[in-house]
Amino acid sequence: FSAAEEWMESAEDRREMMRVADPQQFAMLPASLRSARAFMHLAGGEYPQTVEEARKALELAGDSTHISRTQAWSMLGIAQYAGGDLEEAENSITGLIDYLKGQGRFGDALELIYIAAEIRMLRGRLVQAHRIYEGAFRLLESLGNPVLPGIEDLHRGAADIHRELGEWELAQRHLTTAREYGALTSSRPDWLHRLNISEALLELARGRPDAALESAEHARRNFMPTAIPHLKSAPAIAALAYIRMGDLDSARDWARERRLDGGADISLINEYDYLCHIRLLLAEGAAQNDPQKAGEALELLRRLSDAALAGDRGGSLIEIRMLQALAHRQRGEYESVGGILAEALEAARREGYVSLFAAEGTALGELLRSVLEDGIEPGYVSRLLAAGSPAEQPVSGQAALAEALSDRELDVLRLLAGDLSGPDIAGRLFISPSTMRTHTRNIYAKLQVNSRREAVSRARDLNLL
């Protein structure tokens with residue numbers, strides 16, 4: 001780099017000695033050099049330096065369509081993301097996606113969709129994240145549903161959304177589809193790691209820590225370091241699975257190896273590890289009847305809350321408030337519980353979060369029942385409690401009818417039981433309104449009903465809902 005930059009900055013008489021084979025590439029060489037320097041900083045986790053070099057590269061590239069411009073743009077957004085500047089990261093990544101779409105580079109645009117959606121999820125904007133995937137699937141449909149690189153991450157990311165919404169069967173279908181597309185496309189090297197992480201998180205949400213542990217092990221084996229930050233590591237997820245299984249010794253081994261120093265800076269990169277560590281402290285406190293553990297957890301949660309507020313991580317704040325309520329309960333500070341939990345529930349209800357609360361365990365279930373008695377968010381809390389209850393066993397006649405209905409028709413039927421309109425259901429399932437109408441007609445025919453209300457009533461009689 002230094003030699004190339006020296007030639008570029010040399011006196012005119014020395015530059016005349018150069019032999020330029022491609023004038024256009026030569027004109028973009030300053031931007032390419034800055035872009036390369038940005039990549040080196042990004043690979044080393046030096047995010048402020050990456051932002052600085054990427055901005056310089058973009059300035060030098062101007063309005064050119066040269067690859068150095070999009071490379072620098074991408075690295076700028078990723079460095080802002082990893083560095084915790086989520087608002088700027090969102091602006092950079094969505095701007096680049098729109099630019100790539102305008103250039104007809106739909107495959108390149110699709111590969112960035114999941115990053116844009118993850119940023120919104122971190123900011124606690126689950127509805128907006130869902131709409132990003134809706135738009136991406138509509139784009140694919142308008143193009144004739146081609147198999148493009150990045151389509152596997154669309155389905156994997158959509159699974160993450162449905163997991164948070166408590167729509168676990170839909171999430172599993174998207175993960176299955178993602179794996180199928182991943183085998184057909186030229187996926188990124190770290191693709192399987194991301195898939196395994198999403199699979200492990202879904203298993204945790206469904207209350208299957210043993211299966212989550214297995215998926216986390218696959219993720220560990222498939223891990224490949226990349227410039228894109230991995231915010232939820234396989235070892236941390238495995239530790240959370242151990243906690244859910246009651247194997248606190250294995251979780252402690254992870255915590256010791258991770259060396260989570262209470263005095264270390266808290267950032268987006270280590271936030272998830274600290275949230276898992278807090279759950280370990282609460283589990284130890286409950287097992288040992290030691291309120292001091294909850295006190296340690298509350299101090300960490302205070303620092304996490306400050307960092308999340310400063311970083312505009314609304315999604316993290318919901319989880320932090322929920323854990324603060326659990327910690328205060330463990331210390332017997334019941335006067336603090338209701339207000340903190342009510343704050344978390346109000347923010348979560350607006351975005352439709354379910355799994356975060358439903359999968360937390362019996363201690364939170366008891367708190368939710370207590371706030372339900374106090375009249376706090378009654379409809380939403382009742383839904384969370386229902387989602388956290390064991391599923392009823394099928395009764396006679398259900399299996400045959402469930403087999404007659406396709407998986408997608410069952411998905412539509414479950415959503416028909418809610419308050420969503422037909423177009424909203426189509427959006428939730430990433431299908432067109434015409435396809436939605438076709439599924440609805442098929443459901444009516446198979447259930448032998450003539451209206452939505454009759455379909456829902458019939459489905460409940462058969463325990464399909």
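Q: Why is Phe430 called buried in this predicted model?
A: Phe430 has a relative accessible area of 13%. Buried means under 20%, so Phe430 is classed as buried.

Q: What makes Phe137 buried?
A: The relative accessible area of Phe137 is 10%. This value is also under 20%, so Phe137 counts as buried.

Q: How many aromatic pairs does a search of the whole structure find?
A: The search finds two aromatic pairs.

Q: Why is the pair of Trp73 and Tyr99 called tilted?
A: The ring centres of Trp73 and Tyr99 are 5.4 Å apart, which is within the 6.5 Å needed for a pair. Their planes meet at 40°. Planes under 30 degrees apart would be stacked and those over 60 edge-to-face, so this pair is tilted.

Q: Why is the pair of Trp73 and Tyr99 said to tie together parts that are apart in sequence?
A: Trp73 belongs to helix α6 (residues 67–82), whereas Tyr99 belongs to helix α7 (residues 86–102). The pair therefore ties together parts that are 26 residues apart in sequence.

Q: How do you know whether Trp73 and Tyr99 are buried or exposed?
A: Trp73 has a relative accessible area of 16%, and Tyr99 has a relative accessibility of 14%. Each value is under 20%, so Trp73 and Tyr99 both count as buried.

Q: What makes the pair of Phe137 and Phe430 tilted?
A: The centres of these two rings lie 4.6 Å apart, with their planes at 40°. Phe137 lies in helix α9 (residues 126–142) and Phe430 in the loop between α25 (422–428) and α26 (433–447), so the pair ties together parts 293 residues apart in sequence.

Q: How do you know where the charged end of Arg69 sits?
A: The charged end of Arg69 is 4.8 Å from the centre of the Tyr99 ring and sits over that ring. The distance cut-off is 6 Å, and 4.8 Å falls within it.

Q: Why is the contact of Arg221 and Glu217 called a salt bridge?
A: The N to O distance between their side chains is 3.0 Å. The limit is 4 Å, so the two residues form a salt bridge. Both lie in helix α13 (residues 209–221), four residues apart, about one turn of the helix.

Q: Why are Arg221 and Glu217 placed in separate accessibility classes?
A: Arg221 has 56% relative accessibility, which is over 50%, so Arg221 is exposed. Glu217, at 28%, lies between 20% and 50%, so Glu217 is partly exposed.

Q: What makes Glu346 and Arg350 a salt bridge?
A: Their closest N and O atoms are 3.8 Å apart, and this is within 4 Å. Both residues lie in helix α19 (residues 334–351).

Q: Which residues do salt bridges that share partners join into one network?
A: The network contains Glu118, Asp153, Arg156, Asp160, Arg163, Glu164, Asp190 and Arg194.

Q: Which residues touch the most other members of the largest nonpolar core?
A: Of its 110 residues, these are Tyr81, Tyr133, Leu341, Leu345 and Phe357. Helix α8 (residues 106–122) gives the largest share of this core, eleven residues. Apart from this core lies another, of 21 residues, including Leu405 and Val456.

Methods: Residues numbered from 1 in each chain as written. Predicted model: local features only at pLDDT ≥ 70, side-chain atom pairs only at ≥ 80, totals over all residues. Heavy atoms only, no water. Phe/Tyr/Trp six-rings, centres within 6.5 Å; stacked < 30°, edge-to-face > 60°. Helix = DSSP H or I, 4+ residues; strand = E, 2+ residues; numbered from the N terminus. Buried < 20%, exposed > 50% of the residue type's maximum accessible area, 1.4 Å probe, protein only. Lys NZ or Arg CZ within 6 Å of the ring centre and 35° of its normal. Core = buried A, V, L, I, M, F, W, Y, C linked by side-chain atoms within 4.5 Å.
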